[in-house]
Structure formats: structure tokens, C-alpha cells
Amino acid sequence: MSSALFTPLKVGSVTVPNRIGMSALTRSRSSATVPNDIMKLHYDQRAAGGAGLIVTEAILIARQGTEWPNAPGIWNDEQVAGWKKIVDSIYAQLWHVGRVAHPKAPEQIAAGVPVYAPSAISARGGKFRHIEGATGYVTPTEVPDPTILIALFKEAAVNAKKAGFDGVELHGANGYLIHQFLDSTSNTRTDQWGGSVENRARFALETLKAVIEVFGPDVAIKVSPAGGYNDMGMPLQETLDTFGYLLREVDKLNLSYVCLARYSPWLDVEFDGKKRATPHDIPETYTPFLPTTQIWVNTDYTPEEAEKTVSSGKAAGVFFDIPWISHPDVGNRIRKGKPLDNPPVYATFYGAPGVDPAKGYTDYKAAED
């Protein structure tokens, strides 16, 4: 289709063949937190299908009561061995869900620790389909010392290195732990980890520095300043001040890239008749804070919009999301000018008990030549 999207690019210490990324996509197909053969097939299909840079589905860095059953982890040797079969040209997205875990979830019970968050403030909403009687989020426990959670991220990075990943992307978006520290509606601490913009950004920055000790220049972060999902969002000026400061500091860390996720109406939620997010132009607003850092963008881009974005220099690359669920060959289709016309089957996005995990996962068809 174009020359811009199909130009090789150096990302950290590796060179990718094109600027078409595969975003992290929760699919819930692991076997009791362990990556398996059908996951390998899924990622292999998409690597062969023209993905220049693949980021894994979010990987839990520790046992947590996540609302997503069958999410993969990376805290033990069995999980590392499973990922070793999958990791070629892939970044691992490291994930701690913070306050949107549930104390009755099997992994949280096995962890033997509370549901930790920056502050004891529950997110509104939530649905735990695999926990009987659990209808929503609960009030978490304020973590006494956030450095214990930073240590978990670093240990996960060590395990990702053992598994052979090319790099790691910290999940700093969508209302999970890192985002919770950044947002004043979920972080009301009065110590060095809360209050001022600088203090609320401390957790993200210190976590990045800890992971850089393991992966050097092959570290990235994804952020979604508009909020909405998982009951996140601040007034516009506070959002600008918070993420502006964060990204100015991030620009000093020599990351491989920063992923800026646009506002998505699909990820916004409504409480008391009001939408939760703070919509604004994310790439346009925050790119100036990252003059020396490679920028990738994400959320509902079309191939035509992606081409314009990259050819104009507004971003180095574009992560596609849902198209990679219903097409194993997004990159190849774009290169050949073929439509992304496989309809996504939403009912099979996250699997289901008793349903063949291949259904809606590895059975979507590639375009015919």
C-alpha cells in the first residue's frame, strides 16, 4: 500500500521490518496462567501475517485476582518456559491490575496478600464472571510501601529476559496500577507517592528505572491520558499537568518508545449519567513532551490514517488493535491493498469454559493471494 508503513525501523536495540504494530490484546487463552501451544500458534500467525512489532497480551507480574480468567503470568519457571516458545520479535507487556483485582479470585487467594492499590479507594463498576457472587470491584488495601510492587515489576522483567523477549512495555494505561498512581481520583496518598504531580508520577518513573536496569534501551510504556476505563480520569488541566510532567521525565530515560493511546468511546464508561473520560487529542497534546523519544500511537486507527500519521512524521509507528483479533494477516493485507473485512466475533474475544480455545482465536482466515 505505501512506503511509509513498510519502512524498517530501529526500536531500542532491534530493527523491525515495518511500522505496523500489534497492540496488547487480552485474549484469556492461557492454561492456569501458563502460556501454551495455541497461544504460540496465535502469535506465530500474526508474525507471519506482517506484524512489524508485536506486544503480548498483558502479562501478570504476580498472582492477582484479575477479572480476566486464564490471563498469562510471568512469575515462575513454568511460565518462563512457556513464553520461550513464543517470544521471537515480541515485547512483553508487564501488568499489575492494582485495585481492580478481587480478593475472592483464585490467584489472589493463592497469593495470600491483599488487593493492593495506591489508596483505599474502590473503582466503580467491574464484573468478575468467574467468581460466584462477585458483582464488582471492592475497596483495596493501600499498599504501605510501593517499592514492593516496583520490585515485582523488576522481577518480572528478569523473567522476561530469561524467556528471551526483545523488550518490555509497561502497562501504564486503562486504569491499572501505574495509571492508578498517576490519577488523583485513585491516589490520595499524603506521602512521597501522592499529592503533587511529581509525587504521583514517581511510581511510574521509578518502575521504569528499575526495569531499565534489566532491559537497558529495550523498555517502553503505554499511557492513556484520556482515562475512562476502570473509573479513571481527572479534569483536563490536571490531566495535562500530570501527563505533561510524566512524559517530560520519561523523555530523559532513553526508552525504546512511548505508546500514546487515543481516547476511545468503547473504553469509556458512564456513572450517574456522565461519561467518565476526559476526551482530548492525545497524540497532538503529548508529542511535544517527547522530543527525543520514539512515539507509537494506538486505538482504532485505519490503514489510511496510519499511513498519513507515519508519512507525516507524527508517529514512528501505529499499533492496530481489534483488526489483529479477526485477521491473522493485518500487515500483509495492508501491504497488498486488501480490505480488513473479517467481522470480529465479540462473543469469542476472551474464550469461555467448555469452548474450543481455537474458536475466535486461531481460526480467522487470512486473505487469499
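Q: How much space lies in the second largest pocket?
A: This is a predicted model, where local features need pLDDT of at least 70, side-chain atom pairs count only at pLDDT 80 or more, and totals for chains, interfaces and linings use all residues. Residues are numbered from 1 along each chain as its sequence is written, and side-chain values use heavy atoms, with hydrogens and water left out. On a 1 Å grid over the protein atoms alone, a pocket is an open set of points with protein on both sides within 12 Å along at least five of seven lines, while a cavity is a set where a 1.4 Å probe fits but cannot get out; points are joined across faces, edges and corners, and a volume is the space filled by probe spheres set on them. For the second largest pocket that gives about 270 Å³.

Q: Which helices give two or more residues to the lining of the second largest pocket?
A: Lining residues have an atom within 4 Å of a point, and this pocket has 13 of them, with Asp281, Pro283, Glu284, Tyr301 and Lys314 nearest its centre. Helices (H or I, at least four residues) and strands (E, at least two) are DSSP runs, numbered from the N terminus. The ones to look for are H8 (282–286) and H9 (303–311).

Q: Which element gives the most to the lining of the largest cavity?
A: The rule leaves one cavity of 30 Å³ or more, and the largest has a volume of about 30 Å³. Its lining includes Met22, His42 and Val55. Helix H1 (37–48) and strand S4 (53–60) each give two or more residues. The top contributor, with three residues, is S4.

Q: How many residues of strand S8 are buried?
A: Buried means under 20% relative accessible area, exposed means over 50%, and partly exposed is in between (1.4 Å probe, protein chains only). In a regular strand the side chains alternate between the two faces of the sheet. Here Gly167, Glu169 and His171 on one side are buried, and so are Val168, Leu170 and Gly172 on the other. Strand S8 (residues 167–172) is largely enclosed by the rest of the structure, because the buried count is six of the six.

Q: In S9, which residue is the bridge partner of Glu169?
A: Two strands pair if DSSP finds at least two bridges between them. S8 pairs in the parallel sense with S5 (residues 90–95) over four bridges, where Ala92 partners Val168. S8 also runs parallel to S9 (residues 219–223), joined by five bridges. In S9, the partner of Glu169 is Ala220.
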